[in-house]
Amino acid sequence: MSGAAKKAIVIGAGIAGIATAIRLAVKGYSVDVYEAGAEPGGKLSEIRSGDFRFDAGPSLFTMPQYVDELFRLAGKKPENHFKYIRLDTVCKYFFEDGTEIKAYADRNKFSEEIENKTADTARSVHDFLDKSEQIYNITDPVFLQRSLHKWRNYFNLTTLRSVLRFPRIDPFRTMNQANAAEFKDSKTVRLFNRYATYNGSDPYQAPATLNVIPHFEQHFGAYFPEGGMYSIVRSLADLAIACGLKFHFNTYVDEIELREGKAAGVRIGATSHLADVVVSNMDVWYTYRKLLKNIPAPEKILLQERSSSALIFYWGINKSFPELELHNIFFTEDYETEFRHIWQKKDVCADPTIYLNISSKIQTSDAPPGCENWFTMINVPSNSGQDWDALIAAARRNILSKLSRILKTDVASLIVSEQILDPRTIDSQTFSYQGSLYGSSSNDQFAAFLRHANFSSKIDGLFFAGGSVHPGGGIPLALLSAKIVDDLIQ
Ligand code: FAD
């Protein structure tokens, strides 16, 4: 390629695609982002249903500093473009026996709440969160902030120190084994086991290293962006345009073109678009299967178990519930059975744990006065051809009966609008293989090493950013993948 600015093409305007594009534009690249959908954001999208607005995908926002960083990088003050508040109550947990536990952001208050509402002590919560912090301190510099696939990253003092402290990250027990050893009360164990679902994994298989996740929420905090989750995308897309890059919506990339073993650009229909670097934000499984059909795929990586998916009912509710918070969980009494259904039987149990997010608790314009927008979600297996219509019908009945029982109100009679998202539609709308929310699962203790790298070791000039590659799924890690790609592109 000749000319002044080097050219980059990003395939997909998911959160990591947008972040990578901003970083490359700041670096001086001329960047084109091709997005199959009509809007930016990928899984981070919004829908409207009657007079209700819903964030369709992610609802929990942690590590906002990774978003702020992008504004600073572009020479702007983040607070002038993107605002958010820290939540005092991170989540409210409901149990069938009537127990309600509030996870306060304040660590002392939260620990006391556990002591008051369960058989566990405040001390045990402090000990647990201290261990969570320790895992974070060991893993963050090695596993999260840089490529695990470059030898040079292993030969430095930080990595060496982390390697020496490796047993302290608790990789040899499952999360449930560690949590059941730490806490007496099944309510506390369930509460902390649930963090495995933050990256679509199973606490009865995943290593206790995932006990790092509570540290993100308890220490760094949980936040709500002004305008709802989709304002993360809106503000970053505006920033991207201000940085001079070009979005091309409704434009599906058909192929990554190679010349002499190097990524040379992309093909869209019959037209080739040349570039010096190509970054795929498409799920890595589909990137190989659809865009790189003529080269051998890294089968071991692609054959890894997929993360779980989700079934979501977006309900407009004609009533408001003062006892509910922004984030609510209604626990099953038998968590192990719930995960056995997801991971071994590949179906949905009769009493699933329900996550209920109500953004109108803070963003009141998301629902008409006196009403609430209920994002009602359960974890389900990724799509392997199950009879989803039957599973959805049964789950809808079971969810409504559980919520009605615990809230002592006939919830079905309050629903005034409904939309549904399931593994099939997550796959077809965002090209996420089998509808998995987070790429591959982290059930294997070596999962961090088995995720696809952020670059191709076979094709020069080809990079990967997003939840299906290193360091993993969820908004914070997807944003870190963009940062790693930025570091890799010199
Ligand atoms: P994606 O969002 O996967 O987007 C990829 C984009 O690429 C899509 O827009 C797609 O159309 C486009 N694309 C793909 N192929 C092509 C092609 N060939 N040509 C052009 N465009 C293409 N994370 C959290 O942090 N907190 C949460 O609470 C949370 N909850 C979630 C709940 C749900 C229901 C879902 C679905 C996800 C949730 N996540 C959550 C996960 C989070 O949404 C993802 O990890 C993250 O958004 C993934 O971003 P990404 O950059 O990998 O791109």
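Tutor: A residue is called buried when its relative accessible area is under 20%. The model is predicted, and by this cut-off helix H8, residues 213-220, is mostly covered, with 7 of its 8 residues buried. The buried residues of H8 are Ile213, Pro214, His215, Phe216, Glu217, Gln218 and Phe220. Just after H8 comes glycine 221, whose phi is positive, at about 100°.

Of its 490 residues, 60% count as buried. The chain contains 16 helices and 20 strands. Its radius of gyration is 22 Å, which agrees with the value near 23 Å that a compact globule of 490 residues would have. Along the principal axes, the C-alpha atoms fill a box of roughly 70 × 55 × 45 Å. The accessible surface amounts to about 19,600 Å², and carbon and sulfur atoms account for 51% of this area. Among contacts between residues at least 6 apart in sequence, 71% join residues at least 24 apart.

Helix H2 (residues 65-73) and helix H16 (residues 475-488) have axes that come within 9 Å and cross at roughly 35°. On the H2 side, the contact is made by Tyr66, Val67, Glu69 and Leu70, and on the H16 side by Pro476, Leu479, Leu480 and Lys483. The residues of this contact comprise 6 nonpolar and 2 charged, with no polar ones.

Note on methods:
Residues numbered from 1 in each chain as written. Predicted model: local features only at pLDDT ≥ 70, side-chain atom pairs only at ≥ 80, totals over all residues. Heavy atoms only, no water. Axes fitted to C-alpha atoms, helices over the stretch in contact; angles between N-to-C directions. Helix = DSSP H or I, 4+ residues; strand = E, 2+ residues; numbered from the N terminus. Contact = heavy atoms within 4.5 Å. Nonpolar A, V, L, I, M, F, W, Y, C, P; charged D, E, K, R; others polar. Buried < 20%, exposed > 50% of the residue type's maximum accessible area, 1.4 Å probe, protein only. Rg over C-alpha atoms; globule rule 2.2 N^0.38 Å. Areas by Shrake-Rupley, 256 points an atom, 1.4 Å probe, with all protein chains shown as cover.
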